[in-house]
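Hi everyone, thanks for coming. I'd like to walk you through a structure today, so please have a look at the screen.

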Amino acid sequence: MIRRTILMMVLMTVGLSVAAQNVTIKAVNQPAATVFRSIIGQTGKNFVYSSDLLSDLKVTVDVTDKPLKSVLDDIFRDTGISYSIRGNNVVLKRSKKARKVKVSVKRDNDRPFKTPQSLSKPNMFDEVEVVSRLEAPAVETAEMGARKVTGADIRNIPVLLGESDVIKALHTQPGVTEGTEGMAGMYVHGGNADENLCMLDNVPLYQVNHFGGLFSAFNSDIIRYIDFFKTSMPAKYDGRLSSFLDVRLQNGSPEGHHGSARIGLTSGAFNISGPIGGKTTYMVGLRRSWYDVLTIPVIALVNYKNEDEKTRFRYAFMDLNAKISHRFSSKVNGFVSAYYGCDELETGWKDAETSQFQDEEKYDFHWGNFVAQTGLNYRVSPTVSAEFTAAYTRYFSSLSYDSKSKEDGVFTRSLLNSDNNITDWIFRGDFDWNPSDDSRVRFGANYVHHSFLPVTLRRKNIIDDSSTTITDSTATFRANEVNLYIDDDWRITDRLRVNVGLHGSLFHIDGRTRGGLSPRLSVNWRFGDNFSVKAAYSRTVQYVHQLVRSYLSLPTDQWLPVTGDFKPKTADKVAVGGYWQTDRGDFTVSVEAYYKSMHNLLDYCDEYYLKPPFEAWNARLTTGRGTAKGIDLNVEKTIGKVTGHLSYSLAWADRQFADKNGGAKYPARFDNRHTVNISASWRVNDKVTLNAAWVGHSGNRFTFMPQEYEVPGSFGNYYYSGGTEVPLKTSVNNYQLPFYHRLDLSCMVRNSRGYWSFGLYNAYCHMNTVAIVRGYRDDNNNSWPVFQKVKLFPVIPSISYTWQF
Amino acid sequence: MAILRKILIYILPFMMTGCYEDFTPDIDVTPVLCINSMITAGEPVEVDVSRTWLYTDVQSEADHSVKDATVSVYANGELVDGDYLPREGDCIRIVADSPTYGHAEGEVTVPHAVSVRISRWIPDHITYTPETYAPEEVDGYEMIGFLSFDLSVELEITDDPADENYFRLSFDSFFPKQIVYDDGILAENTSWCVFSVWSYDYQDEPIFKEHIGILESVMGADSYGFTFFTDRQFAGSTYPLHLRYQNCSYYVRSPKWNPELLDCGLNLTLQTVSQSCYNWANYLWQREDGLYADLGDIGMSDPMHGYSNVSTGAGIIAARAITTCTINFADFLATELHKATSDS
């Protein structure tokens, strides 16, 4: 078990009279932090505790004007947690009795309780800590379509090859589509994959996956939580149209050196954290794939069989996270962190030494992200806290080609190297102010200096002793971006709660400044304690976009700024919803309907490939609009040995571009009309947990060209003298692939040192169609054309072991 | 693209363990008319009308012609008959109607030929082999030997600033005809010669690679065989094409010195082609050597449909005007043969 003790002080104080020690509170299966927040509002007390102590503790309490001490007694009875009131602080720690009693606290943390330890470092109690803004249940908050996902939630979802994945965990949410099976793409409410902002500890990442999209770039073993917003967006977030993921990593453990080591089928991970002195902690997480090791025998066999040509192949990815946190004072915490994630692909071949020719070709690809940042969390006053961040983030992609040839004693070599990258310098300040118990104001600003280098190409030709070098480079685009935001989460009455905000942005590039104002409003009207109705409006603005031409995530999918005559992409979204939970809070139900209108979208135009490469990329693009609408239903059971959820989405999404599909409207590729997600987790006992997840959705849209025609060879067929048969153009996304469905199972078995994880991806082996191709069937020297479904992924078992120390 | 296939060979089976399954799609297919026509300035218009067919329809594969179609050709808006000879600058519109397959039409403007001249040509790597046959066969021959050389040519194109031009370069060699019997054997003691160009180095002229993206370059794609280009990089000005012909070979065998056997050369033909013709060729390159066509072939990218400028989306109506320049090697060959024989 990763034993991390994060000491935390909840920042909200005052509001009502500090002297008022009686509280009135009704909470059913609420996160403990939410209940504490209410108590803080009424009493002015602070709660001081290790987050590991309470993570995911759910509280049910119903009291009216009772003394605080009595309420606390009720809350912590039989939980193994004791409290003491020291001045204005309520200090929580594990009860010594817990060594002998069986803990019955409802937790969905997959880690067992360890022997309770006293909070031996009281000087750490006042540590300031960033916490999720999504602690409260949906029926209480104004936000719509928001979700907090913990590291434990991620690990409880069975996935391909047992590789826990942030993005795949979010695929189970209504309104979120996974795109092509197995890929870590994410399409939210009819949007595109580049319309989701992924932030790692407050810093955006551009490349968020590995292996062509098979795995995400986040090491789930060290994730503390993720705040995910897809319907109503807090004003803090802008710059993407569809959704926002705020991924927060764990801090180091101040209580000792703890960590874990995991070995799985395709990758391994090692994480460790601990104290450095009394005020500093560290955390290091490393994940690396084994794929290159696994392919060694395959390549060796291929090369053994082929005497004329030797193949070269190696693929690997890795993530490295490192973080050092330091407590400067009771009010100030700082940290320095770095993230490096990359993919490496090396391939090629060369003639065997016995061959007549001595040719050799090498292709090397290297791409990824590097992020370095430093941050400061500062409690300015009892009601105001601030988070300052300075960061450097760089996305890089390097492709190289090396061809050597020796013929008739003449040695020739051709080297090509292509690079593209994005470098951002980010400076931001985020503030959190509680002017009263009923109001929470968040505001902030950030400045980003972008530097885009779309491509640089270096060619070097060597013939014997002479060489020539040519460098072609596109211009580097520099852009300056400024953002300001403010929002207020305001409880106007007991029934009415409003979150109102505004995000303003300026984006300066090529001597032009583009601006955007993004108003946000969400309203919650409660009908009684268990039912509420919400409505929301949000506008989002996006200044950068990713040019994607395949369903894979390739290193050549460039991120580019909005330039030329193109305008920033915008989306206006309205939503209404109803939220209900049972008295015990064991079931919650939500229904949300939304309509999203997207403007100034960019996509490749028809026959974009006919445009010459040296022209500006804008020449290949066309601008247009899109709409998405639908209803998301979610039923969730959160208490008991069996928990889980069922969600259903009814959705429509379309696109219309001036120069695509002849200007006609067409369905979006992931216009999945019906989507059903069912997941269940059964905690059989303290050692064994079973998980199951079933997904079914209408098939993705596909451009299917059933007809063809012939053009005579005299028309410029440069490689073949005969006629050429080519596909006849059809409308875009004219065909719907078959209904997609899949069941995944996993089982987690704990022992004293860690846990085993067993998985079955696609348990009933229904291989789903991901594409249609035109192929040929061969039989007895005959060959005839056939349409073929490309089907991926049969049942795939997985196993991994995680050792915790 | 070979490298991509190489990569996928190792990645896909391992991680995806996928498969292909034949199927018959439940989709309505209506054949439409296809028009193909390559119009050459100064030559009668020929139109080929056919129809589209279902990709899997192997039964009707042999004949896709349309018997009941009527074809009309319009030049600059006027209906013309089959004897009409299109001129440069004409807008030719072709209309086809069929009771079975409906209506199709498309148009093209015949491009103007541009001015070209050979500004210089330089042979190098000249080698002479006097005896290519057994010694007893060469006695008494005044002309005999094998001359090979490489050839650098600078072909100057003067672009018309009024037009957006697209070009295709081609070449062919010529030499005097031989006396050949019906059985294909040369007459005994016949004077004969052969001139040929073994290969053309497409890498020597960068403009033939202007359609290749950086990614494709890095992935090893080349422009072999592709001699289409545009005036985008030299619009309205003069551009010298740098051409490199390798292993030009001249064989000669004659008992008497015969100057007519030296009449060998190279025709360089520059076609000014319509945009539709260029787009079609570019599409073919993308399909054969482009990265994303390969991805489309395996279902990982949108498939690439055929380029067309016909209303039904089937067929190409293209046009061209032709200019030819000739390099005659007679003097060069005479000099080299004299020099070689005197040296020996």
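I'll start with the interface between the chains, then turn to chain B, and finish with some details inside chain A.

First, the ground rules. This is a predicted model, so local features need pLDDT of at least 70, side-chain atom pairs count only at pLDDT 80 or more, and totals for chains, interfaces and linings use all residues. Residues are numbered from 1 along each chain as its sequence is written, chains are lettered from A and ligands numbered from 1 in the order in which they are written, and side-chain values use heavy atoms, with hydrogens and water left out.

Now, the interface. How many residues of chain B are in contact with chain A? There are 83 of them, and they meet 84 residues of chain A; contact here means heavy atoms within 4.5 Å. Between them the two chains bury about 7800 Å², and 67% of that is on carbon and sulfur atoms. Buried area is the accessible area, taken with a 1.4 Å probe, that two parts lose on being put together, summed over both.

What about polar links across that interface? The rule finds 17 residue pairs in polar contact there, both residues being at pLDDT 80 or more. A polar contact is a pair of N or O atoms within 3.5 Å; within protein, one must be able to donate a hydrogen and the other to accept it, and residues adjacent in sequence count only if both atoms are side-chain atoms. On chain B's side, the elements giving two or more residues include helix H1 (2-16), strand S2 (33-40) and helix H4 (275-289). H4(B) gives the most, with 12 residues. By residue type, the side of chain B that touches chain A divides into 45 nonpolar, 25 polar and 13 charged.

Salt bridges between chain B and chain A come to two. A salt bridge is a side-chain nitrogen of Lys or Arg within 4 Å of a carboxyl oxygen of Asp or Glu. B:Glu21 makes one with A:Lys791, with 2.9 Å between the closest N and O atoms.

The chains also share strand pairing: strand S40 (residues 707-711) of chain A runs antiparallel to S4(B), joined by two bridges. Strands pair if DSSP finds at least two bridges between them. Within this pairing, B:Leu54 in S4(B) sits opposite A:Gln707.

A quick word on chain B. Chain B has six helices and 16 strands, and 51% of its 344 residues count as buried. Buried means under 20% relative accessible area, exposed over 50%, and partly exposed in between, using a 1.4 Å probe and protein chains only.

A:Lys569 and A:Asp194 form another, at 3.5 Å from N to O. A:Lys569 is in strand S32 (residues 569-581) of chain A and A:Asp194 in the loop between S9 and strand S10 (196-200) of chain A, so this pair ties together parts 375 residues apart in sequence. A:Lys569 is buried at 3% relative accessibility, and A:Asp194 is buried at 5%.

There is also a network of salt bridges, linking A:Arg288, A:Asp292, A:Arg312, A:Arg314, A:Glu344, A:Glu346 and A:Asp364.

Last, some strands. Strand S24 (residues 439-463) of chain A pairs antiparallel with strand S26 (residues 477-491) of chain A over 14 bridges. S26(A) also pairs antiparallel with strand S27 (residues 496-509) of chain A, over 13 bridges, and a hairpin of four residues joins S26(A) to S27(A). There, A:Asp489 stands opposite A:Asn499 in S27(A).

Conventions
Ala, Val, Leu, Ile, Met, Phe, Trp, Tyr, Cys and Pro count as nonpolar, Asp, Glu, Lys and Arg as charged, and the others, Gly among them, as polar.
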